[in-house]
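Visitor: I would like to go through a structure with you, one topic at a time. Could you show it first?

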Amino acid sequence: MSPLAPSARGSRLALLVVGLCWLAVLFDGLDMFIYGSVLPHLLETKTFGLTADQAGDLGSYATFGMLVGALAAGTVADRIGRKKLMIGCVTLFSLASGICAVSGSVAVFGLGRTLAGVGLGGLLPTAISMVGDYAPRGRGAIVIGLLMTAHHAGGILSAYVAKWLVDPVGWRAAFWVCVVPLVFAPVLVKLLPESLSFLVAKGRTDEARALADRYEVDLPAAGGRKTAADRWDALAGLFRGGEWIQTLLHWLASFGGLLLVYGVATWLPTLMRTQGYELANALTFVVVFNLGGIVGMLIAGRAADTFGAPRISAIWFALTAAGVFLLSVHMPMGVTTLVVFLTGVFLNSAQTMIYATVSIRSTPDNRATAVGWTSGMGRFGAVFGPWLGGQLLAAGHGDWGFTAFALAGVSSMVFIGVAALRTARSGTSATSDQELVTAH
């Protein structure tokens with residue numbers, strides 16, 4: 001039976017919300033990956049006099065903006081609602097792409113990428129929360145997994161946009177395509193319902209009840225809001241006793257994991273060009289890489305349920321490191337394509353398994369805090385990864401790019417493996433649907 005089968009209670013609303021959120025995340029992925037897809041062209045044509053180290057800085061601007069957007073998303077959503085925040089994020093990253101399209105200097109282009117990053121960072125966790133609210137009972141994990149495939153579908157779309165438009169029309173056309181989601185914002189205004197849990201939390205119970213009755217879904221129970229003291233106490237709990245060692249290990253593993261994810265996402269086409277592949281083939285690798293990401297997202301959870309999230313995370317990072325390292329070697333096209341696909345399978349879900357590991361070993365009281373801070377610390381790696389790739393290329397060590405990213409995968413494998421070995425207890429609680437998929 002389909003995860004959104006008609007017989008599932010509330011399936012009509014789930015179809016509506018998941019469909020709208022899937023499209024929003026598709027545009028998120030397009031905007032995120034488009035820079036990496038056009039970067040080889042920008043460097044080869046010396047647009048703005050762009051150098052490799054400046055290109056790395058520009059990649060980091062977007063991920064820094066994502067850090068800001070992700071950290072602010074929860075607070076802003078609590079104030080204005082998840083629906084309005086999603087609309088605001090789509091509008092922001094669409095307009096920011098317009099800034100990139102009309103930019104006449106590195107500074108203006110960088111401003112556009114930073115603002116786009118803020119919108120991108122705020123959208124994904126908000127969309128996940130919306131889908132988590134409305135997923136049919138017992139189908140939350142698979143529905144959210146389905147949502148996450150949209151991000152990689154956007155990556156595939158970015159490669160085709162670059163292949164079809166950059167050479168005949170110019171790189172600016174690719175960013176104009178990323179402005180198109182602006183017309184999707186009115187669709188969200190008209191069709192996307194507000195989060196039921198937000199309505200209940202704000203005391204708008206009549207509105208929430210009418211919406212729940214209309215689509216035959218359960219009304220969330222009203223819960224007490226955590227105070228600032230409660231949140232700080234939950235954070236302090238991550239460092240009490242011997243927990244500080246586990247916490248730091250998880251943070252370090254997350255740092256290396258997101259360094260790897262965003263470093264490869266930004267530099268894959270350019271690094272493949274340095275290995276002697278034609279630009280069209282380098283962009284094809286982006287498509288294959290994201291196809292692997294879709295497959296990986298669909299199988300990682302099942303593998304973790306069978307063998308345990310910590311074990312799968314460590315194995316996935318080891319396989320990722322091996323695949324990324326192999327990409328530093330020029331191989332026959334067919335072999336390289338297979339390696340890129342498998343690397344996409346493991347890389348894009350290895351980080352997710354870190355969050356699964358943290359969630360499983362956390363108590364219900366501090367689970368959200370533990371996963372949130374692990375994700376937040378990892379985002380510093382997301383900022384560092386694109387910068388690192390640029391520095392290596394600028395220094396004439398582009399052939400070391402894949403090796404450096406592979407070492408990041410090895411470090412994450414070690415950190416999550418040591419953390420798993422030190423865990424004194426097995427997972428005693430089910431993993432929250434929403435917490436498993438905040439890797440990006």
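Guide: What follows is a discussion of selected local features and side-chain contacts.

Visitor: What kind of model is it, and which residues count for local features?

Guide: The model is predicted; local features need pLDDT of at least 70, side-chain atom pairs count only at pLDDT 80 or more, and totals for chains, interfaces and linings use all residues. Residues are numbered from 1 along each chain as its sequence is written, and side-chain values use heavy atoms, with hydrogens and water left out.

Visitor: Let us begin with α12. How many residues has it, and what distance does it reach?

Guide: Helix α12 covers residues 279–307, which is 29 residues, and reaches 40 Å from its first C-alpha to its last. That is close to the 42 Å expected at 1.5 Å a residue. The expected span is 1.5 Å times one less than the number of residues. Helices here are DSSP runs (H or I, at least four residues), numbered from the N terminus.

Visitor: Where does α12 bend?

Guide: The bend is at I299, by about 35 degrees. A bend at a residue is the angle between axes fitted to the seven residues ending there and the seven starting there.

Visitor: And what comes just after α12?

Guide: G308 comes there, with a positive phi of about 100 degrees.

Visitor: Which residues other than glycine take a positive phi?

Guide: Among them are K46, with phi near 55 degrees, and F48, with phi near 60 degrees. Most residues other than glycine have a negative phi. K46 is in the loop between α1 (11–44) and α2 (52–80), and F48 is found in the loop between α1 and α2 as well.

Visitor: Turning to aromatics: how many pairs does a search of the whole structure find?

Guide: The search finds 13 aromatic pairs. One of them joins F48 and W171, edge-to-face, at 5.7 Å centre to centre with 80 degrees between the planes. This pair links distant parts of the chain, F48 in the loop between α1 and α2 and W171 in helix α6 (residues 171–177), 123 residues apart. W171 is buried because its relative accessible area is 7%.

Visitor: What geometry does the pair of W316 and F346 have?

Guide: W316 and F346 are edge-to-face, 5.0 Å centre to centre and 85 degrees between the planes. W316 lies in helix α13 (residues 309–326) and F346 in helix α14 (residues 333–360), 30 residues apart, so to speak from distant parts of the chain.

Guide: Rings of Phe, Tyr and Trp (its six-membered ring) pair if their centres lie within 6.5 Å; planes under 30 degrees apart count as stacked, over 60 as edge-to-face and the rest as tilted. Ring pairs link Y35, F48, F109, W171 and F175 into a cluster.

Visitor: What is the count of salt bridges?

Guide: The count comes to four, a salt bridge being a side-chain nitrogen of Lys or Arg within 4 Å of a carboxyl oxygen of Asp or Glu. One of them pairs R113 with D31, with the closest N and O atoms 3.0 Å apart. R113 is in helix α4 and D31 in helix α1, 82 residues apart and in distant parts of the chain.

Visitor: Are R113 and D31 buried or exposed?

Guide: Both R113 and D31 are buried.

Visitor: Which side chain meets E207 in a salt bridge?

Guide: The partner of E207 is R204, at 3.0 Å, N to O. E207 has 39% relative accessibility and counts as partly exposed, and R204, with a relative accessible area of 36%, is partly exposed.

Visitor: And where do D206 and R209 lie?

Guide: Both lie in helix α9 (residues 205–215), three residues apart, about one turn of the helix. D206 and R209 form a salt bridge, the closest N and O atoms being 3.5 Å apart. D206 counts as exposed at 60% relative accessibility, whereas R209 is partly exposed at 40%.

Definitions and conventions:
Helices (H or I, at least four residues) and strands (E, at least two) are DSSP runs, numbered from the N terminus. Buried means under 20% relative accessible area, exposed over 50%, partly exposed in between (1.4 Å probe, protein chains only).
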